[in-house]
There are 2 protein chains.
Amino acid sequence: MTKKDVAGETPPPRAKRLPRAVRERQILDAAVRVFSERGYHAASMDEVSDVAGISKPMIYAYLGSKEELFAACIQREATRMMEAIGGVVDVHLDPEEQLWRGVLAFFTFVGENRDSWQVLHRQAGTQGAPFAAELAEGRRRAIAMISALLDRAAGKEGVGAFAEGQTEPLAAALTGAGEALAEWWLEHPEESPKAMARRLMNLSWMGFGNLVLGRAWHPDRTA
Amino acid sequence: MTKKDVAGETPPPRAKRLPRAVRERQILDAAVRVFSERGYHAASMDEVSDVAGISKPMIYAYLGSKEELFAACIQREATRMMEAIGGVVDVHLDPEEQLWRGVLAFFTFVGENRDSWQVLHRQAGTQGAPFAAELAEGRRRAIAMISALLDRAAGKEGVGAFAEGQTEPLAAALTGAGEALAEWWLEHPEESPKAMARRLMNLSWMGFGNLVLGRAWHPDRTA
DNA sequence: AAGTAGTCTTACTCATCAGTAGGTAAGCCT
DNA sequence: AGGCTTACCTACTGATGAGTAAGACTACTT
């Protein structure tokens, strides 16, 4: 046995004749686990069915093909995450406070849902068109959200000029930094979500803070 | 034909009886292309052999198994990239100047080697242990390099305190931001490497700049 | 009790590759 | 010329894994 058994802990209780909705949840839970562990291609439907404690044809009956199953995973997890973050952001608040809350919610979610995170971050991005599209859509929404926030921050400070068409790449960079920090976190699990969030704020906000005030960095400024 | 043909432009000239070293280069070139296009698992050795204009057994004879071939790709491209960046960084320079040069070299390399970048960034990270290790090693070196640079920057400003054990995650975040910007760049190819590099500097250095001066962001600072 | 709708299984088919066996032929030495 | 090495090929094997056919069991109707 070269491959580790993904199940192991929870030997499928093989409960009988459960309603469809319940089975679908079980299947999705299993699929997220297996996909996150093995990656899309290396994951087999047989293993998903094993972990879910159900036979393979049921998966095809309920969720369709492997592609459709994976897409369903992405969508469910992306929605869960966006809801977790969206839930704490209040448009009437200070942009800085909003960013802090969002970032904190992000790290809290990742800390509590490693598998979801793996599926979204590592797997979805690297597979063919259908998922990349699905994922890109979610990321685009996140970036748009942050980008709008930065625009508002810039506007509030009365220095909106720098921002025209510039906040989007910066928002992209910020999400990238967040993803990288989440990655780093996997190897330093002793850190709290709050500590991680603070790191990202220090990197980004103190940087953005200066940009917002019109203090930009440029090449030939060097001493 | 559902799959796009990865070759297409360059119909393999089928030159005959070339020396081994040349063939190996051709095979690696083809492999990088196919892996970057399809991803590790979806790429088939048959397609690599097609694109390389050589038969499959030659690949096995020269480069070994599929895993070994992929590992060889990663190593070659990672080395090329590290050399491109390392070549412009001079330890005697100002940290800020060093960072600027490194960042610029990074975007220049990515701009000129999209395929290499795809293989390194998207594919290598998501496959099993052997490659993740190979890749993590490269990334670790990059992060260590940046981390050391930040330490020096902090020391130079006489505010080394904040930096103890703190620069590594920040360096990780910086590389993540760089990767995300490179990704964003793929959809906005009209941007110059210099413009991309400046974006990253604005985000990171202006942020780091404050940190270095002991001006850190913290949660309950909010207005 | 008999129909029927929904749950669930075993046991296949069939395509796709990784990897190889066993060979041909071209250049390069004497 | 004849041998020897290296480049190169066609044509297989064997495993894995997506997807399905065909039916069995259960429980809820009427």
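Of the atoms of DNA strand C that lie within 4 Å of the protein, 57% belong to sugar or phosphate and the rest to bases. The model is predicted, so local features need pLDDT of at least 70 and side-chain atom pairs count only at pLDDT 80 or more, while totals for chains, interfaces and linings use all residues. Residues are numbered from 1 along each chain as its sequence is written, chains are lettered from A and ligands numbered from 1 in the order in which they are written, and side-chain values use heavy atoms, with hydrogens and water left out.

DNA strand C is surrounded by 21 residues, of which the closest are Arg17(A), Leu18(A), Ser55(A), Met45(B) and Lys66(B); a residue counts as near if one of its heavy atoms lies within 4 Å of the strand. This surface divides into nine nonpolar, three polar and nine charged residues. Here Ala, Val, Leu, Ile, Met, Phe, Trp, Tyr, Cys and Pro count as nonpolar, Asp, Glu, Lys and Arg as charged, and the others, Gly among them, as polar. Helix H1 (20-38) and helix H3 (56-63) of chain A, together with H3 of chain B, each supply at least two residues of the surface; helices are DSSP runs (H or I, at least four residues) numbered from the N terminus.

Phosphate oxygens of DNA strand C are approached from both chains. A backbone N or O atom lies 2.8 Å from such an oxygen in Leu18(A) and 2.7 Å from one in Ser55(A).

Helix H2 (residues 45-52) and helix H3 (residues 56-63) of chain B pack at an angle of about 95°, with their axes 8 Å apart. Axes are lines fitted to C-alpha atoms, for helices over the stretch in contact, and angles run from 0 to 180 degrees between N-to-C directions. H2(B) and H3(B) are therefore roughly perpendicular to each other, the term for angles of 65 to 115 degrees.

In chain A, the axes of H1(A) and H3(A) come within 11 Å and cross at roughly 110°, which makes H1(A) roughly perpendicular to H3(A). Arg20(A), Arg23(A), Glu24(A) and Ile27(A) of H1(A) make this contact with Ile59(A), Ala61(A), Tyr62(A) and Leu63(A) of H3(A).

Key: Angles under 35 degrees count as roughly parallel, over 145 as roughly antiparallel, 65 to 115 as roughly perpendicular and the rest as oblique. A polar contact is a pair of N or O atoms within 3.5 Å; within protein, one must be able to donate a hydrogen and the other to accept it, and residues adjacent in sequence count only if both atoms are side-chain atoms. Contact means heavy atoms within 4.5 Å.
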